[in-house]
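The following note sets out points on the strand and helix arrangement, for review alongside the coordinates.

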Amino acid sequence: MKSVKIENLDWVSYRELTEKGRCKIILPVGAIEQHGPHMSLNPDVLIPSHIAVKVAERCDNMLVAPAISYGYKSQVKSGGGNFFPGTTCVSGSSLESYVFDVLQAYVNHGNREFILINGHFENSMYLCEAADKLVKKCKNEGVNVKVYLLSYWDFISEETIEKVFPDGFSGWAVEHGGVLETSIMLKLHPELVDMSKAVDVEPATFPPYDVFPPDPSWVAASGTLSSPLPATAEKGEIILDECISGIASHFG
């Protein structure tokens with residue numbers, strides 16, 4: 001099978017594959033962020049990167065760009081907070097500018113369609129800004145560019161949620177380091193998960209506001225916002241299959 005990863009191509013092959021904008025470029029965007037004591041710091045990068053490659057392999061007209069690994073600051077009510085050691089984030093303006101510059105470089109190569117697969121909740125609005133700025137700039141220059149933006153969990157159906165969370169679903173906001181990410185990582189990278197270190201916590205509850213500086217007491221000491229204990233590789237496979245199939249069917 002031919003490589004769909006841009007970094008594995010020589011420049012001549014890349015030029016031939018992307019000539020006249022005939023390929024969609026998939027750009028995974030994640031974060032380096034704590035996901036509890038049981039899991040590595042990079043699920044937000046590894047998961048969208050895997051999905052991107054599998055989607056591209058199912059389609060004849062896609063290539064995968066190297067992932068952007070640093071994301072916007074972890075927020076207490078969605079990622080546990082920026083105060084955990086290992087969580088290494090950038091400002092919103094930095095992320096927006098970096099993504100814009102990367103996309104602009106691919107436009108300069110002749111590429112015209114992009115799919116941004118987000119793996120870190122907090123990134124979303126800054127990716128919107130980067131995409132909007134790029135499209136407007138290109139339009140003013142007489143170049144038609146289209147950017148699709150999604151988070152991989154957008155493609156998880158209610159039916160799958162019921163399978164993965166048979167005892168009830170507390171919502172995506174508290175799934176940080178919980179069943180969703182842990183199950184996927186058990187499927188993809190079991191060597192990066194140690195369930196003997198997993199901590200059972202109740203789904204986090206928060207006041208209806210944010211506060212700055214952030215208050216560490218709002219978050220369990222483990223850093224997770226819900227319990228990862230019910231996670232299994234089988235659940236991860238169900239989630240991945242649906243996300244990959246859904247994205248490929250929409251954009252293939």
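**Sheet and helix packing**

1. Four strands build an open sheet, ordered β2-β1-β3-β4, with parallel pairing. Pairing requires that DSSP find at least two bridges between two strands; strands (E, at least two residues) and helices (H or I, at least four) are DSSP runs numbered from the N terminus. At the edges are β2 (62-64) and β4 (146-151), each of which pairs on one side only. From one strand to the next, the twist averages 20°.

2. The model is predicted: local features need pLDDT of at least 70, side-chain atom pairs count only at pLDDT 80 or more, and totals for chains, interfaces and linings use all residues. Residues are numbered from 1 along each chain as its sequence is written, and side-chain values use heavy atoms, with hydrogens and water left out.

3. Strands β1 (residues 24-29) and β3 (residues 113-118) run parallel and are joined by six bridges. Ile25 has Phe114 as its bridge partner in β3.

4. Helix α2 (residues 43-58) lies across β1, β2 and β3 and runs at about 165° to β1. Axes are lines fitted to C-alpha atoms, for helices over the stretch in contact, with angles from 0 to 180 degrees between N-to-C directions; contact means heavy atoms within 4.5 Å.

5. Helices α4 (residues 92-108) and α5 (residues 124-140) have axes that come within 8 Å and cross at roughly 40°. α4 is therefore oblique to α5 (under 35 degrees is roughly parallel, over 145 roughly antiparallel, 65 to 115 roughly perpendicular, the rest oblique). Residues making the contact include Leu95 and Phe100 of α4 and Tyr126 and Leu134 of α5.
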